[in-house]
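Trainee: Could you walk me through reading a structure like this one, feature by feature?
Mentor: Gladly; let's open it up and start.

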Amino acid sequence: MTLFLISLALLIGGYFVYGLIVERIFGIEPSRPTPAYALRDGVDFMPMPTWKVFLIQFLNIAGLGPIFGAIMGIMFGPAAFLWIVFGTIFAGAVHDFTSAMISIRAGGTSLPEIVGHELGSTVKNVMRVFSMVLLILVGAVFVLTPSELIASMTPDYMDKMFWIAIIFIYYVLATLLPIDKLIGNFYPIFGFALLFMACGLLAVLLFGDVTIPDGISEGLSTRYPDELKDSHPIFPMMFVTIACGAISGFHATQSPMMARCLKNEKLARPVFYGAMVAEGFVALIWAAATIAFTEGYENLSSYMAEPGHSAGTLVKELSIDWLGTAGGILAIIGVVAAPISTGDTALRSARLIAADFLKFDQKKFVKRLMISLPIFALTFVVMFIDFSVLWRYFAWSNQTLAVFTLWAVTVYLARKQKAFIITLLPAMFMTAVSVSYLLFAPRPEGFGLGWPIAVGSGGSVAVALMFVFFYYMRRIKQNGSKIKFDY
């Protein structure tokens with residue numbers, strides 16, 4: 001319990017202390033018109049109430065990530081609590097806030113354009129393809145996952161294909177309609193439900209008859225069974241398993257959506273840094289609740305090994321046991337609405353990215369449809385392909401996206417003569433994580449190399465990129481007058 005309470009306090013304190021430091025380093029301009037007003041089109045660009053923007057951003061970046069990631073990640077032991085806290089404060093929230101602020105300054109520009117602007121046209125083109133593939137994959141997977149679950153709870157005639165059709169139709173509408181219609185009305189409700197459920201679990205953890213066996217006295221080693229310890233070292237595996245609860249590159253594809261709806265730059269820290277802290281808060285609670293509910297790491301391992309058990313079944317059983325009928329309803333909302341909310345905004349983000357690089361105005365419905373039809377078609381095709389191997393790459397791809405974003409923001413801050421250390425260190429760390437994971441993970445996920453070689457290579461790549469960055473910045477300083485960088 002002590003480690004959990006300290007972690008909770010540090011997480012909340014991090015928002016008020018480090019969040020303010022990051023805000024001051026970047027430098028907000030409250031008098032500067034935001035894209036919501038400057039480019040208002042009634043579709044993607046429009047001012048929205050701040051509480052709505054926060055809840056939409058929170059649900060956009062959260063979904064099932066901070067729940068399932070925390071449940072799987074807590075098997076790495078008490079180190080998971082520390083990663084959620086420090087990863088959120090010093091990496092994830094910084095990543096989300098700075099990338100969103102650059103998008104605001106660039107008129108709501110999407111992630112590939114931002115990264116390409118800072119790292120070059122070649123990287124821009126790579127990021128365009130990389131982002132689109134990732135978002136279409138997310139959209140496809142998060143049609144299938146909730147459709148299977150809903151089908152298991154409805155009459156036989158409402159089978160998986162029936163719900164795939166219903167969810168896909170919703171995705172089409174959410175992608176094409178103005179942001180304030182479906183997303184603006186439903187997301188705040190589901191975002192509030194996700195936070196409310198987490199607060200309910202927190203109340204049980206603090207005041208109920210439960211014990212959180214965090215095991216800090218036994219050290220920070222992984223708690224996987226002996227036969228799995230070699231294949232599940234804390235570095236790099238934990239830092240990829242717990243992604244959305246600490247740092248996730250997917251967030252930077254979502255933030256431009258709300259960057260186009262923010263009323264004032266002074267609201268960026270509460271919305272973007274704050275939403276990431278809220279996600280870390282949810283992840284921290286679910287990590288603690290999981291280990292408390294199963295009463296220890298060995299019991300959790302046994303639970304997950306039983307046939308028919310998964311993170312989803314644990315969410316349902318825990319919620320009903322601790323919160324009763326209301327908890328069961330919230331659990332269903334969590335495991336059904338959360339992935340749907342991730343899938344629809346993934347496809348909407350794909351539309352915005354495509355429109356940005358094609359320079360295609362999105363005010364008219366016909367033009368939005370023209371951009372979206374190929375995206376819908378590809379998503380529909382991917383749904384019927386065996387992409388189990390591809391999905392294994394999602395975690396690595398997600399963190400690699402964060403690597404590109406952090407390096408781009410680091411270059412941006414350096415050009416503006418600001419304290420780029422706040423993103424340089426996370427960029428180097430996540431580079432080491434992503435490269436090490438790709439080299440260490442077993443085939444076909446990765447290359448299956450030994451841990452020392454994988455980690456040594458990951459660290460070497462991170463250091464090499466640091467030297468490239470300083471060399472590049474020295475050239476910019478010497479030739480700055482000849483280079484046009486501003487948006």
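**Reading the loops, the core and the surface**

Mentor: Let's begin with E295, which sits in the loop between α13 and α14 (297-305). Keep in mind that this is a predicted model.

Trainee: What is the phi of E295?

Mentor: E295 has a positive phi of about 65°, although it is not a glycine. The residue is also exposed, with a relative accessible area of 63%.

Trainee: Where does Q417 lie, and what is its phi?

Mentor: Q417 is in the loop between α18 (394-415) and α19. Its phi is positive too, about 60°, and Q417 is not a glycine. At 77% relative accessible area, Q417 is exposed.

Trainee: Which residues does the cis peptide bond join?

Mentor: The bond is between F235 and P236, with omega about 5°. P236 belongs to helix α11 (residues 234-241).

Trainee: How should I read the interior?

Mentor: In soluble globular proteins, nonpolar side chains tend to be buried together. Here the largest nonpolar core has 128 residues, and F4, L205, M238, F272, Y273 and W286 have the most contacts inside it. Helix α13 (residues 268-294) gives the most to this core, 19 residues. Another core, of 38 residues, lies apart from it and includes L134, V141, L176 and L401.

Trainee: What does F272 touch beyond its neighbours within four places in sequence?

Mentor: Its contacts include F97, A100, I104, M258 and L262, along with the polar Q57 and S255.

Trainee: Is W83 buried or exposed?

Mentor: W83 counts as buried because its relative accessibility is 7%, under the 20% cut-off. This residue is in helix α5. Leaving aside neighbours within four places in sequence, W83 is in contact with T88, M238, F239, I242, A246, I247, F429 and M430.

Trainee: And what about nonpolar residues on the surface?

Mentor: I6, L10, F86 and F90 form a nonpolar patch there, with about 340 Å² of accessible area together. Helices α1 (2-26) and α5 (79-105) each supply at least two of the patch residues. F90, in helix α5, is partly exposed, with a relative accessible area of 37%.

Trainee: Why is α19 described as largely enclosed?

Mentor: Because 16 of its 20 residues are buried, α19 is largely enclosed by the rest of the structure. Helix α19 (residues 421-440) reaches 28 Å from its first C-alpha to its last, close to the 28 Å expected at 1.5 Å a residue.

Notes:
Residues numbered from 1 in each chain as written. Predicted model: local features only at pLDDT ≥ 70, side-chain atom pairs only at ≥ 80, totals over all residues. Heavy atoms only, no water. Core = buried A, V, L, I, M, F, W, Y, C linked by side-chain atoms within 4.5 Å. Buried < 20%, exposed > 50% of the residue type's maximum accessible area, 1.4 Å probe, protein only. Helix = DSSP H or I, 4+ residues; strand = E, 2+ residues; numbered from the N terminus. Contact = heavy atoms within 4.5 Å. Patch = residues over 30% accessible without salt bridge, like charges linked within 9 Å, V, L, I, M, F, W, Y side chains within 5 Å. Areas by Shrake-Rupley, 256 points an atom, 1.4 Å probe, with all protein chains shown as cover. Salt bridge = Lys/Arg side-chain N within 4 Å of Asp/Glu carboxyl O. Expected span 1.5 Å × (residues − 1).
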